[in-house]
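Hi,

Here is the structure I promised to pass on.

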Amino acid sequence: MTWNRSRNCVQMGLSKLQGLSAIRRGAAQYLRVLGFGTTLACLLAIPSAAQAKDTLIWLLRDLPPLTIVEGPQKNQGVIDRYLPQLIASMPEYQHTTFQVNRARGMQMLLEPSFTCDPSLLWSAERAKRIVYSIAAYRVPGNGIVIRHADREALAPFIIGNSIDLERLLAHQDKKLGVVAERSYGQVVDRLLQQAPSNSLAAHYGNDALGSLLQMQRLGRLTALLGYWSEIRYQAQQQGISPDELEFFPIRGTDKYQSTHIACSDTEQGRQAIAHINKILRGSGQTRLVEFYAQWLDPKMRSEYLEDAKRFFQNETP
């Protein structure tokens, strides 16, 4: 199993690896003809056999608390901890990881490759070109994060303990920060697609959320869209106290969202997803839920675990 390879190796692609294998096989046959015997020919053939496995490329993003690529909690995220276990359960493949931003990750998934993302929300548009696993785990839904200092300006859009996102987006003087190419769930995605373009600030960079938090701090954004656990973590990395921020669920959205594993819609990708579904139905879903619960506020943890258990027990096999 290859856990880390250089970017050049990842970009080489399966076709070149298969070409190298063909060269080695041809060389082995040529040596037999020349009378060098089978020993050297077999030695040349060994790398060819080792490379016979397909290479599955796992796309990883800096997405705390799922994947953490910097800081004292590096590699301690939910997916950081689970992916090695998943890989160990799929020995029929070579495995490699590739760090990407959301936009580049989607581009690679839509290519005819053998590429998988271990954490992706389902959407009808994506499902036309990407193959999804069953629900892997549950996460609390996205919401709107504002600074305490901006609460008065946003008061007309706060209903109870939630925000009316549709009304907020209709006011073009209110700027909402979003990560480009990210899905926020079907309800929110539809509202974003219908929103005036100048009411959104989409960031494409590798540190998109951190940059958006700094823009909000400077008063260039009215609010920020995302997961509260992720925003709290990124705020601390940016030197922003989470106590300066407030989180509001979005009116009309579900309490939780299901997260899936997704692969390129190729024969290899479909076969991998079939295997992944079996793993998830075994112990995978339970492990992922347990790993995620450890990142929640202790007051939320028990409720989350009970809700997740109930959801997966009622899910259609």
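Start with M90: setting aside neighbours within four places in sequence, M90 is in contact with L56, W58, H95, A272, H275, I276 and I279, where contact means heavy atoms within 4.5 Å. Before you read further into that, note that this is a predicted model, in which local features need pLDDT of at least 70 and side-chain atom pairs count only at pLDDT 80 or more, while totals for chains, interfaces and linings use all residues. Residues are numbered from 1 along each chain as its sequence is written, and side-chain values use heavy atoms, with hydrogens and water left out.

M90 also turns up in the largest nonpolar core, which has 40 residues; W58, L86, M90 and Y137 touch the most other members. By nonpolar core I mean a set of buried Ala, Val, Leu, Ile, Met, Phe, Trp, Tyr and Cys residues joined through side-chain atoms within 4.5 Å. Buried is under 20% relative accessible area, exposed is over 50%, and partly exposed is in between, with a 1.4 Å probe and protein chains only. Two or more residues each come from β1, α4, β3, β4 (130-140), β12, α12 (267-293) and α13 (298-314), and α12 gives the most, with 10 residues. The element names follow DSSP runs numbered from the N terminus: helices are H or I of at least four residues, strands are E of at least two. Another core lies apart from this one, with 34 residues, among them I158, L168, A195 and L225. As background, nonpolar side chains tend to be buried together in soluble globular proteins.

Helix α4 is worth a click too. Its buried residues are V78, I79, D80, Y82, L83, L86 and I87, and they pack against β1, β2 (94-99), β3, β4, β12 and α12.

Now the strands. Strand β3 (residues 115-121) is mostly covered, with seven of its seven residues buried. Two strands pair if DSSP finds at least two bridges between them. On that basis β3 runs parallel to β1 over two bridges, with I57 opposite T115. Four bridges join β3 to β12 (residues 256-264) in the antiparallel sense, and there L121 stands opposite T259.

Elsewhere, five strands make an open sheet with mixed pairing, in the order β9-β8-β10-β5-β11. Its edge strands, β9 (200-203) and β11 (245-249), each pair on one side only. Neighbouring strands in this sheet are turned by 30° against each other on average, direction ignored; the axes are lines fitted to C-alpha atoms (for helices over the stretch in contact), and angles run from 0 to 180 degrees between N-to-C directions. Within the sheet, β5 (residues 143-147) and β10 (residues 223-226) are antiparallel over three bridges, and I144 has L225 as its bridge partner in β10.

On to the rings. The whole structure holds seven aromatic pairs. One of them is F311 with F312, edge-to-face at 5.1 Å centre to centre and 80° between the planes. For the cut-offs, rings of Phe, Tyr and Trp (its six-membered ring) pair if their centres lie within 6.5 Å; planes under 30 degrees apart are stacked, over 60 edge-to-face and the rest tilted. F311 is partly exposed at 26% relative accessibility, whereas F312 is buried at 17%. The charged end of R138 sits over the ring of F311, 3.8 Å from its centre; that label needs NZ of Lys or CZ of Arg within 6 Å of the ring centre and within 35 degrees of the ring normal. Ring pairs also link Y137, Y256, Y292 and Y304 into a cluster.

Last, some backbone geometry to check. Most residues other than glycine have a negative phi, and most peptide bonds are trans. The bond from P64 to P65 is cis, with omega near 5°, and P65 lies in the loop between β1 (55-60) and α4 (78-88). N75 is found in that loop as well; its phi is near 65°, a positive value in a residue other than glycine. N75 is partly exposed, with 44% relative accessible area. E181, in the loop between β8 (176-179) and α9 (186-194), also has a positive phi, about 70°, without being a glycine. At 45% relative accessibility, E181 counts as partly exposed.

Cheers
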